[in-house]
Amino acid sequence: SMIVLGNKCPNWTHLFLDSCKRVSDASLYVISRNCPIVSLSIRGLYKVTSDALQRISRRCPNLETLNLEGSDRVNSDSVLEVVSECKKLRVLNLRNCKWIDSECILRVCRSASKLEELGLANQHKVVSSSLLTSLATYYPFSNIHTLDLSWCTRLGNEGLIALSKSAGNKMISL
């Protein structure tokens, strides 16, 4: 099981557990306690909760890459704790995370100073032109070079225009 592996493999820095349906909070507790994780992908893990993510953020301060795509039980508070505790975070994928709100996205962009890639695909309930305009106005995308807005159906011209003005001469992949 993952618990046994977490105890016996203390050198793990990159861990990809995408769609491993049996992995739960207990496994991630042991792994985060024993392994110096820098990159973690828990895409589609329906048993993993915000509690596990908060523990990971406290125990893995060197986390640089986090993929939470489709993590149905992860909320805004836990994402904000990751951003607060993991100062080296460069890549964050929140694609299809149902419990993330617009305030969370604003705070992530304000707080994650090293963030280079942000995945917000399929956040159609949250990502809108007004959100992008606020982001572009108040928190210019200083380091972000990749912003995934796929399937954000409420996004319109106004938001993209504000984003392009904010980016200046920087290239942002959409």
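# Briefing: helices, strands and a nonpolar core

Ser39 is buried, because its relative accessible area is 7%, and a residue is called buried under 20%. This residue belongs to a predicted model. The protein in the model has seven helices and six strands. Read along the sequence, these elements follow the pattern α-β-α-β-α-β-α-β-α-β-α-β-α.

**The protein as a whole**

- The protein has 174 residues, and 49% of them are buried.
- The accessible surface of the protein comes to about 8700 Å². Carbon and sulfur atoms account for 50% of that surface.
- Take the contacts between residues at least 6 apart in sequence: 77% of these join residues at least 24 apart.

**Ser39 and its surroundings**

- Ser39 is found in strand 2, which covers residues 39–41.
- Leaving out residues up to four places away in sequence, Ser39 touches Thr13, His14, Leu15, Phe16, Leu63 and Thr65.

**The largest nonpolar core**

- The largest nonpolar core has 50 residues.
- The residues with the most contacts inside this core are Leu28, Leu66, Leu68, Val79, Leu92, Val108 and Leu118.
- Two or more residues of the core come from each of helix 2 (25–34), helix 3, helix 4, helix 5 (102–111) and helix 6 (129–138).
- Helix 5 gives the most to this core, namely five residues.
- Leu68 has contacts with Ile42, Leu53, Val74, Val79, Leu92, Asn93, Leu94, Arg95 and Cys97, when neighbours within four places in sequence are set aside. Val79 and Leu92, which are among these partners, are also listed with the residues that have the most contacts inside the core.

**Helix 3 against helix 4**

- Two packed helices are described by the angle between their axes and the distance between the axes.
- Helix 3 (residues 50–59) and helix 4 (residues 76–85) have axes that come within 8 Å and cross at roughly 5°.
- Helix 3 and helix 4 are therefore roughly parallel to each other, since angles under 35 degrees count as roughly parallel.
- On the helix 3 side, the contact is made by Ser50, Leu53, Gln54, Ser57 and Arg58. On the helix 4 side, the residues are Asp77, Ser78, Val79, Glu81, Val82 and Glu85.
- By class, this contact of helix 3 with helix 4 has three nonpolar, four polar and four charged residues.
- Asp77 lies in helix 4 and counts as exposed, because its relative accessibility is 54% and the cut-off for exposed is over 50%.
- Asp77 and Asp51 are 26 residues apart along the chain, while their C-alpha atoms are separated by 9.9 Å.

**Helix 2 against helix 3**

- The axes of helix 2 and helix 3 are 9 Å apart, and the packing angle is about 0°.
- Helix 2 and helix 3 are therefore also described as roughly parallel to each other.
- Helix 2 brings Asp25, Leu28, Tyr29, Ser32 and Arg33 to the contact, and helix 3 brings Asp51, Ala52, Arg55, Ile56 and Arg59.
- The residues of this contact of helix 2 with helix 3 divide into four nonpolar, one polar and five charged.

- In helix 3, the buried residues are Ser50, Ala52, Leu53, Gln54, Ile56 and Ser57.
- In helix 5, the buried residues are Cys104, Ile105, Leu106, Val108 and Cys109.
- The cover over the buried residues of helix 5 includes helix 4, strand 4 (91–93), strand 5 (117–119) and helix 6.

**Positive phi in two loops**

- Asn122 is not a glycine, yet it has a positive phi of about 60°. Its place is in the loop between strand 5 and helix 6.
- Asn122 counts as partly exposed, because its relative accessibility is 25% and this class runs between the cut-offs of 20% and 50%.
- Trp151, also a residue other than glycine, has a positive phi near 65°. The loop that holds Trp151 runs between strand 6 (146–148) and helix 7 (157–167).
- Trp151 counts as exposed, because its relative accessibility is 62%.

Terms used. Residues are numbered from 1 along each chain as its sequence is written. This is a predicted model: local features need pLDDT of at least 70, side-chain atom pairs count only at pLDDT 80 or more; totals for chains, interfaces and linings use all residues. Side-chain values use heavy atoms; hydrogens and water are left out. Axes are lines fitted to C-alpha atoms, for helices over the stretch in contact, and angles run from 0 to 180 degrees between N-to-C directions. Helices (H or I, at least four residues) and strands (E, at least two) are DSSP runs, numbered from the N terminus. Angles under 35 degrees count as roughly parallel, over 145 as roughly antiparallel, 65 to 115 as roughly perpendicular and the rest as oblique. Contact means heavy atoms within 4.5 Å. Ala, Val, Leu, Ile, Met, Phe, Trp, Tyr, Cys and Pro count as nonpolar, Asp, Glu, Lys and Arg as charged, and the others, Gly among them, as polar. A nonpolar core is a set of buried Ala, Val, Leu, Ile, Met, Phe, Trp, Tyr and Cys residues joined through side-chain atoms within 4.5 Å. Buried means under 20% relative accessible area, exposed over 50%, partly exposed in between (1.4 Å probe, protein chains only). Accessible areas come from the Shrake-Rupley method with a 1.4 Å probe; for residues, only the protein chains shown count as cover.
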